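Please look at the chain shown below before reading on. The report then goes from the whole fold to single residues.

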Amino acid sequence: MSKLVDCFRENVESILTIKRMTRVELSERLGTSKSYVSQVLNGRHDPSMQVVEEFSQALRIRDPRDLLAERTQHEWSGILSGGKKRSK
């Protein structure tokens, strides 16, 4: 598994936690099944860039590349509350 894919999965999980959003709610926003979301987040399906973009839109993250960056849950809390991105 690539580091980008790991970052993507960890970032989506962090954002879901911060937004108090379930995988079911995410799947509804994506217009897909909960099982598909689970497959992506549990590593049974590697996301394409299109999938990263779709998740970004569903999570209301402006730049899909942000989901591929190494970030902690604390950093995401600051970003989602209107704070600045920490550059790496």
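**Basis**

This is a predicted model, in which local features need pLDDT of at least 70, side-chain atom pairs count only at pLDDT 80 or more, and totals for chains, interfaces and linings use all residues. Residues are numbered from 1 along each chain as its sequence is written, and side-chain values use heavy atoms, with hydrogens and water left out.

**Overall fold**

The protein chain has five helices and zero strands. Helices (H or I, at least four residues) and strands (E, at least two) are DSSP runs, numbered from the N terminus. Read from the N terminus, the order of the elements is α-α-α-α-α.

The C-alpha trace spans about 35 × 25 × 20 Å along its principal axes. The radius of gyration of the protein chain is 12 Å, which agrees with the value near 12 Å for a compact globule of 88 residues. This radius is taken over C-alpha atoms, and the globule rule is 2.2 Å times the number of residues to the power 0.38.

Of the 88 residues, 39% count as buried. Buried means under 20% relative accessible area, exposed means over 50%, and partly exposed lies in between (1.4 Å probe, protein chains only). The protein chain exposes about 5600 Å², and carbon and sulfur atoms supply 47% of this area. Accessible areas come from the Shrake-Rupley method with a 1.4 Å probe; for residues, only the protein chains shown count as cover.

Contact means heavy atoms within 4.5 Å. Among contacts in the protein chain with a separation of 6 or more, 54% are between residues 24 or more positions apart.

**Salt bridges**

Side chains of opposite charge can pair when their charged atoms come close. Here a salt bridge is a side-chain nitrogen of Lys or Arg within 4 Å of a carboxyl oxygen of Asp or Glu. The whole structure holds five salt bridges, and the table lists some of them, including the pair Arg9 and Asp46.

| Pair | Closest N and O atoms |
|---|---|
| Arg9 and Asp46 | 3.1 Å |
| Glu13 and Arg23 | 2.3 Å |
| Asp63 and Arg65 | 2.7 Å |

Arg9 forms a salt bridge with Asp46. This pair links distant parts of the chain, 37 residues apart: Arg9 belongs to helix α1 (residues 3-18), and Asp46 to the loop between α3 and α4 (49-58). Arg9 is buried at 6% relative accessibility, whereas Asp46 is partly exposed at 49%.

Glu13 forms a salt bridge with Arg23. The two are 10 residues apart and also link distant parts of the chain, with Glu13 in helix α1 and Arg23 in helix α2 (residues 23-30). Glu13 is partly exposed, with a relative accessible area of 27%.

In the pair Asp63 and Arg65, Arg65 counts as exposed at 59% relative accessibility.

**Ser38**

Is Ser38 buried or exposed? Ser38 has a relative accessible area of 9%, so it counts as buried. Ser38 lies in helix α3 (residues 34-41). Apart from neighbours within four places in sequence, Ser38 is in contact with Arg23 and Arg44.

**Helix α5**

Glu75, Trp76 and Ile79 are buried in helix α5 (residues 73-80). They cover an arc of only 100 degrees around the axis, so they lie on the same side of α5. The arc is that of the directions from the helix axis to the C-beta atoms. The cover over the buried residues of α5 includes α1. After α5 comes Gly82, with a positive phi near 100 degrees.
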